[in-house]
Amino acid sequence: MNHETAAPVGAPTTAFKSWLCVLCGFVYNEQDGLPQEGIAPGTRWEDVPEGWVCPECGAGKSDFEMTEI
C-alpha cells in the first residue's frame, strides 16, 4: 500500500527557482518575489512583467539566467 501524500491543491508542481542578473549579480528568487517592486512572493519568472528591470543595475529580463543556489 502506498502512503505518499499528494501535494495540496494549487501547490506548484515544480520547485521555485532563482534567477541571477549576469551584469550585477542581483538574484530574483521566485519564492520570495519582490514585494517592494510589486511582485508577490511565489511569482514565477515567466510571470514577471517583460518591462521589469533589475532594481540594482536596470538590466532587463534578458540579462538574467536561471541559477541553482
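## Burial and the overall model

A residue counts as buried when its relative accessible area is under 20%, and because Trp 52 has a relative accessible area of 7%, Trp 52 is buried. This reading, like all that follows, concerns a predicted model, in which 26% of the 69 residues of the protein count as buried.

The protein has 3 strands and 0 helices, and from the N terminus on its elements run β-β-β. The mean pLDDT of the protein is 86, with 80% of its residues reaching 70 or more; among the elements, β2 has the highest mean pLDDT (96) and β3 the lowest (89). Where pLDDT is low, the predicted coordinates should not be read in detail. Of the contacts in the protein with a separation of 6 or more, 41% are accounted for by residues 24 or more positions apart.

## The nonpolar core

The largest nonpolar core is made up of 12 residues in all, among them Trp 19, Cys 21, Phe 26, Leu 34, Ile 39, Val 48, Cys 54 and Ala 59. Tyr 28, Trp 45, Trp 52 and Phe 64 also belong to this core. In soluble globular proteins, nonpolar side chains tend to be buried together.

Once neighbours within four places in sequence are left aside, Trp 19 is in contact with Phe 26, Val 27, Tyr 28, Glu 30, Trp 45, Phe 64, Glu 65 and Met 66.

## Aromatic pairs

The count of aromatic pairs comes to 6. In one of them, the rings of Tyr 28 and Trp 45 have their centres 5.5 Å apart and their planes at 50 degrees, so this pair is tilted. Because Tyr 28 lies in strand β2 (residues 27-29) while Trp 45 lies in the loop between β2 and β3 (64-67), the pair ties together parts that are 17 residues apart in sequence. Both Tyr 28 and Trp 45 are buried.

The rings of Trp 52 and Phe 64 likewise form a tilted pair, because their centres lie 5.5 Å apart and their planes stand at 55 degrees. Trp 52 lies in the loop between β2 and β3 and Phe 64 in strand β3, so this pair ties together parts that are 12 residues apart in sequence. Phe 64 is buried, with a relative accessible area of 6%. Ring pairs link Trp 19, Tyr 28, Trp 45, Trp 52 and Phe 64 into a cluster.

## Charged side chains

A search of the whole structure finds 2 salt bridges. In one of them, the side chains of Glu 30 and Arg 44 meet at 3.1 Å, N to O, and this pair links distant parts of the chain, with Glu 30 and Arg 44 each in the loop between β2 and β3 and 14 residues apart. Glu 30 is buried, with a relative accessible area of 2%, and Arg 44 also counts as buried, at 12% relative accessibility.

The side chains of Glu 50 and Lys 61 meet in a salt bridge at 3.3 Å, N to O. Glu 50 and Lys 61 each lie in the loop between β2 and β3, so the pair ties together parts that are 11 residues apart in sequence. Glu 50 counts as exposed at 64% relative accessibility, whereas Lys 61 counts as buried at 10%. The charged end of Lys 61 also sits over the ring of Trp 45, 5.0 Å from the centre of that ring.

Key:
Residues are numbered from 1 along each chain as its sequence is written. Side-chain values use heavy atoms; hydrogens and water are left out. Rings of Phe, Tyr and Trp (its six-membered ring) pair if their centres lie within 6.5 Å; planes under 30 degrees apart count as stacked, over 60 as edge-to-face and the rest as tilted. Helices (H or I, at least four residues) and strands (E, at least two) are DSSP runs, numbered from the N terminus. Buried means under 20% relative accessible area, exposed over 50%, partly exposed in between (1.4 Å probe, protein chains only). A charge sits over a ring if NZ of Lys or CZ of Arg is within 6 Å of the ring centre and within 35 degrees of the ring normal. A salt bridge is a side-chain nitrogen of Lys or Arg within 4 Å of a carboxyl oxygen of Asp or Glu. pLDDT is the predictor's confidence in each residue, from 0 to 100. A nonpolar core is a set of buried Ala, Val, Leu, Ile, Met, Phe, Trp, Tyr and Cys residues joined through side-chain atoms within 4.5 Å. Contact means heavy atoms within 4.5 Å.
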